[in-house]
Amino acid sequence: MKGIMKDAAILCVITLIAGFALGLVHEVTLEPIAAAQLAANTATYQEVYPDAAGFQISDELQSAVDSCGEEISSQGYGNVTVDAAQEALDADGNVIGYLITSTSTDGYNGTIQVATGITAEGQITGIGFLSISETPGLGMNAENPEFKDQFAGKSLQTFEVTKTSPSADNQIAAISGATFTSSAVTGAVNAAVYFAENCIAQ
C-alpha cells in the first residue's frame, strides 16, 4: 500500500512539473507566434492593397462591423461574417480605401478568411488569404493568381461562381474540382463588398 502511495505521489509531482514546463513554453512562444502572424497578415494586406502605405482601424469602422453582422448574414452569401475593417492610407495619411476581412465557414475543409481591398472609388484592388486549409492541389489553388486575380480591378457588385468560362463581368470561374472552395471565397468577397457599399458611412 505504501509503495502505491509513493508511486502516486511521484507521478503527481512529475505531472505538476510537466504542466509547469508546458505552461512556461507556451508563454515563451506566445509572443513570437503572435508577431509572426501579424507579419504574415501585414504582408497579405500589402499584397491586397499595394498602393496603401499603411492601414488603421477606426472606431467608426469597428462600430460598423459590430452593427452590420446580422444584415450581412441575411444576404444569401453563405455562412459568412465580416470580422474587421481597416482604412487604407496613402503616404500622407489620407484614406484612399478600405481593407475588409471576412470569413466563410463553407469551405470544403472549413474556415476560409479573406482580406479584400476596396478603393474609395469602389473598385477591388485584390484579395488575399489570412487563413485557408483546403485540399492541396484542389481548393488550395484558390491562392493561385489564376483564381484570386479574377476579382482585382472589378467594380463592386455581387459575384457568382460559374463552372464554365465567365460570360459576364460578375462571374468568377470556379477552381476545377473545388466548387465548395470557389463558392466560399466568393461569398466572403461578396460580404466584404456589401459591407463597403452599405455599412461604411460615405
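What pattern does the protein chain follow when it is read along the sequence?

1. Read along the sequence, the chain follows α-β-α-β-β-β-β-α-β-β-α, and it has 4 helices and 7 strands. Helices (H or I, at least four residues) and strands (E, at least two) are DSSP runs, numbered from the N terminus. This is a predicted model, in which local features need pLDDT of at least 70 and side-chain atom pairs count only at pLDDT 80 or more, while totals for chains, interfaces and linings use all residues. Residues are numbered from 1 along each chain as its sequence is written, and side-chain values use heavy atoms, with hydrogens and water left out.

2. On the chain as a whole, buried residues make up 40% of the 202 residues, where buried means under 20% relative accessible area, exposed over 50%, and partly exposed in between (1.4 Å probe, protein chains only). Among contacts (heavy atoms within 4.5 Å) between residues at least 6 apart in sequence, 56% join residues at least 24 apart.

3. Threonine 103 lies in strand S3, which covers residues 95–107, and with a relative accessible area of 11% this threonine is buried. Leaving aside residues up to four places away in sequence, threonine 103 touches Asn79, Val80, Thr81, Asp83, Thr111, Ile112 and Gln113. With one of these, aspartate 83, the threonine 103 side chain makes a side-chain polar contact at 2.4 Å; such a contact is a pair of N or O atoms within 3.5 Å, and within protein one must be able to donate a hydrogen and the other to accept it, while residues adjacent in sequence count only if both atoms are side-chain atoms. Between threonine 103 and alanine 191 there are 88 residues in sequence, yet the C-alpha to C-alpha distance is 8.8 Å.

4. The structure holds 5 aromatic pairs, and one of them, formed by tyrosine 108 and phenylalanine 180, is tilted, with 6.1 Å centre to centre and 50 degrees between the planes. This pair links distant parts of the chain, since tyrosine 108 is in the loop between S3 and strand S4 (110–119) and phenylalanine 180 is in helix H4 (residues 179–198), 72 residues apart. For such pairs, rings of Phe, Tyr and Trp (its six-membered ring) must have centres within 6.5 Å, and planes under 30 degrees apart count as stacked, over 60 as edge-to-face and the rest as tilted.

5. Are the two partners of that pair buried or exposed? Tyrosine 108 counts as exposed at 56% relative accessibility, and phenylalanine 180 counts as exposed at 55%. Elsewhere, Phe147, Phe151 and Phe159 form one aromatic cluster.
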